[in-house]
Amino acid sequence: MPELPEVEALKDFLTEHLVGRRVVRVLPVAISVLKTYDPPLTAVEGGEVAAVGRYGKFLDLATDGGPHLVTHLARAGWLQWRDRLPDGPPRPGKGPLALRVALETGEGFDLTEAGTQKRLAVYVVRDPREVPGIARLGPDPLAADFDEERLAALLTGERRRIKGALRDQSLIAGVGNAYSDEILHAARMSPFKIAASLTPEEVHRLHEALRTTLTEAVERSRGLAAGRLKAEKKSGLRVHGRTGEPCPVCGDTIREVSFSDSSLQYCPTCQTGGKPLADRRLSRLLK
């Protein structure tokens, strides 16, 4: 799933390639991708892109004096830039293409989604805050005012495990499964630790890891073409998706806890005092 660093990099890429250029066509291929009907999708056509913004994991294309085209790429969505779009309208079918945006220059981009769970979402709104997911977003962890005190206040009374709290978009915007693993590894913290139980020193470590991990990921992605961002994300991950590999910090074997639709990775030595976390799903399979 694209998370804050990748969406921030896409924002920068699209700012360079879209701002000041006119949208001539917006072609939905998968009707399910469009989540609004007023204003209509055609209201974007003919408008010049004035700015590209990011809200958590949402991308916002603002047209000059017109509506906003807001996109959430969900788990398996992506944006593919094309220096020259194919001639003729795209054909609806079973492929990954969900929506195409064409510019007057002949350039444009496709929104695609792999897999069968179609969750990619596109909204046409007068104000981004009309999108329910944006309206309930928590603070952006890279904002200038996101300090230790603010993080401590967010975690006060939070009885969930810290892994789940970090992924809650209404608590902190933009962090998903991969970067929550990376942040907790950098903070030397168990993903199962109860968020409200963090000491001031642990809040300090978590805040530092949160800001540093995301900032470094944004910097690694900055300036890359949209098509290279996925590979850059994977290459920069130290524990997420690396079950069975040695921890780059201590050399211990990276372990995994599986859930029904996701998994987390961690280093026992760095994060849990050398003790493996219980993996109930694996335990059931072994019975």
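On a 1 Å grid over the protein atoms alone, a pocket is an open set of points where a 1.4 Å probe fits, with protein on both sides within 12 Å along at least five of seven lines, and its lining residues have an atom within 4 Å of a point. The model is predicted: local features need pLDDT of at least 70, side-chain atom pairs count only at pLDDT 80 or more, and totals for chains, interfaces and linings use all residues. Residues are numbered from 1 along each chain as its sequence is written, and side-chain values use heavy atoms, without hydrogens and water.

**Pockets**

The second largest pocket is lined by 13 residues, and Leu 85, Pro 86, Asp 87, Gly 88 and Ala 102 lie nearest its centre. Strands β1 (23–28) and β6 (97–103) each supply at least two residues of this lining, and β6 gives the most, with 3 residues. Strands (E, at least two residues) and helices (H or I, at least four) are DSSP runs, numbered from the N terminus.

The largest pocket has a volume of about 920 Å³. Of its 35 lining residues, Met 1, Pro 2, Lys 57, Ala 74 and Arg 75 are the closest to its centre. At least two lining residues come from each of β5 (77–82), β8 (121–125), α5 (177–186) and α7 (229–236); the largest share, 3 residues, is that of α7.

A volume is the space filled by probe spheres set on the points, which are joined across faces, edges and corners. In the table, Ala, Val, Leu, Ile, Met, Phe, Trp, Tyr, Cys and Pro count as nonpolar, Asp, Glu, Lys and Arg as charged, and the others, Gly among them, as polar.

| Pocket | Volume | Lining by class |
|---|---|---|
| Largest pocket | about 920 Å³ | 12 nonpolar, 11 polar, 12 charged residues |
| Second largest pocket | about 190 Å³ | 6 nonpolar, 2 polar, 5 charged residues |

**Helices**

Helix α5 is largely enclosed by the rest of the structure, because 9 of its 10 residues are buried. Buried means under 20% relative accessible area (1.4 Å probe, protein chains only). Among these residues are Tyr 179, Ile 183 and Leu 184. The buried residues of α5 pack (contact: heavy atoms within 4.5 Å) against elements including α1, α6 (200–221) and α7. Just after α5, Arg 188 has a positive phi of about 55°.

Helix α1 (residues 4–18) is mostly covered, with 12 of its 15 residues buried, including Phe 13 and His 17. Gly 20, which follows α1, has a positive phi near 90°.

Technical notes: Buried means under 20% relative accessible area, exposed over 50%, partly exposed in between (1.4 Å probe, protein chains only).
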